[in-house]
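Subject: Handover of a structure and its computed features

Dear colleague,

Please find below the structure that I am passing on to you. I would be grateful if you could read the notes under it alongside the coordinates.

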Amino acid sequence: MKEYTQDVIVQDFKAQVYNGTVFSSKNIIASFNSDKKSRILLGAHWDSRPYADHDPNPDNHKTPIDGANDGASGVGVLIEVARQLSIKKPELGVDIIFWDIEDYGEPQGTETGKDDTWCLGSQHWAKNPHKQGYTARYGVLLDMVGGKNAQFAKEGSSMYYAPDVMNKVWDIANQLGYSSNFTNTLSPSIVDDHIYVNKLARIPMIDIVEYNPNSNSYF
């Protein structure tokens, strides 16, 4: 990110996951037009899931996923966005956040009963923003956006917290000819980084995330 902006902050923090293990974690924040008060937030998580607990083969449930789509795809898109912003500066301020330890949530089959075991990086940032008093007009989260012929529905929590932002993005996608990817359908709410940005940081944020109703896990 420092190739595209010198305004990069690494937010170090400790995160305790569902089983009590504590990890040293890092959120990465890159900013453009830091002097602008009117800002847009873009986000993705850069970690990957340590458990393939949705794999059809139970032998794989305690092995990590490769993370090519779930994590890396959103990061890849936003790195390219950063490159474009370095070529032509936007009129607004833009902050790109890569959250850590999003995908270390309680695996299927466990019964600890703990809440909020997912999205620990965005939870930390929402409670401790990289700049005191930080706010943004709205945010867009990218997750699992690299699948072949992926389709994106209007995710439930995004429509609850930020319907205007969701509809605006979908309208633009349709104008650009991507209506087959950005479908005018609703999908169930999922726990993702945008939940805590909405609830804790009070920034309306949507989630662009793959939705496949024919899959057990929707992805």
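The notes below go from the overall fold to the sheet, then to one helix and the salt bridges.

Basis of the values

This is a predicted model, in which local features need pLDDT of at least 70 and side-chain atom pairs count only at pLDDT 80 or more, while totals for chains, interfaces and linings use all residues. Residues are numbered from 1 along each chain as its sequence is written, and side-chain values use heavy atoms, with hydrogens and water left out.

Overall fold

The protein contains five helices and eight strands; these are DSSP runs, numbered from the N terminus, with helices being H or I of at least four residues and strands E of at least two. Their order along the sequence is β-β-β-α-β-α-β-β-α-α-β-α-β. The radius of gyration is 17 Å, close to the 17 Å that the globule rule gives for 219 residues, so the protein is as compact as a globular protein of that length. That radius is taken over C-alpha atoms, and the globule rule is 2.2 Å times the number of residues to the power 0.38. The C-alpha trace spans about 50 × 40 × 30 Å along its principal axes.

Of the 219 residues, 47% are buried; buried means under 20% relative accessible area, exposed over 50%, and partly exposed in between (1.4 Å probe, protein chains only). The accessible surface comes to about 11,600 Å², and carbon and sulfur atoms hold 50% of that area. Accessible areas come from the Shrake-Rupley method with a 1.4 Å probe, and for residues only the protein chains shown count as cover. Among the contacts (heavy atoms within 4.5 Å) with a separation of 6 or more, 72% are between residues 24 or more positions apart.

The sheet

Six strands form an open sheet in the order β1-β2-β4-β3-β5-β8, with mixed pairing. Two strands pair if DSSP finds at least two bridges between them. At the edges are β1 (8-16) and β8 (205-209), each of which pairs on one side only. From one strand to the next, the twist averages 20°.

Strands β1 and β2 run antiparallel and are joined by nine bridges. They form a hairpin with five residues between them, and G20 in the turn has a positive phi of about 95°. Strand β2 (residues 22-32) also pairs with β4 (residues 93-99), again in the antiparallel sense, over five bridges. In this pairing I29 stands opposite I97, and A30 stands opposite I96.

Helix α4 (residues 163-175) packs on the sheet, where it touches β5 (138-143) and β8, and its direction makes about 45° with that of β8. Axes are lines fitted to C-alpha atoms, for helices over the stretch in contact, and angles run from 0 to 180 degrees between N-to-C directions.

Helix α2

Helix α2 (residues 120-127) is mostly covered, with six of its eight residues buried. The buried residues are L120, G121, S122, Q123, W125 and A126. Their cover includes β1, β2, β3, β4 and α5 (193-199).

Salt bridges

The model has four salt bridges, each defined as a side-chain nitrogen of Lys or Arg within 4 Å of a carboxyl oxygen of Asp or Glu. Three of them are described here.

D12 and K26 form a salt bridge with an N to O distance of 2.6 Å. The pair links distant parts of the chain, 14 residues apart, with D12 in strand β1 and K26 in strand β2. D12 also stands opposite K26 in the strand pairing. D12 is exposed, at 52% relative accessible area, and K26 is partly exposed, at 40%.

In the salt bridge between D95 and R39, the closest N and O atoms are 2.6 Å apart. D95 lies in strand β4 and R39 in strand β3 (residues 39-45), so this pair ties together parts that are 56 residues apart in sequence. Here D95 is buried, with a relative accessible area of 1%, and R39 is buried at 6%.

The side chains of D53 and R49 meet at 2.9 Å, N to O. D53 is buried, with a relative accessible area of 10%, and R49 is buried at 5%.

With kind regards
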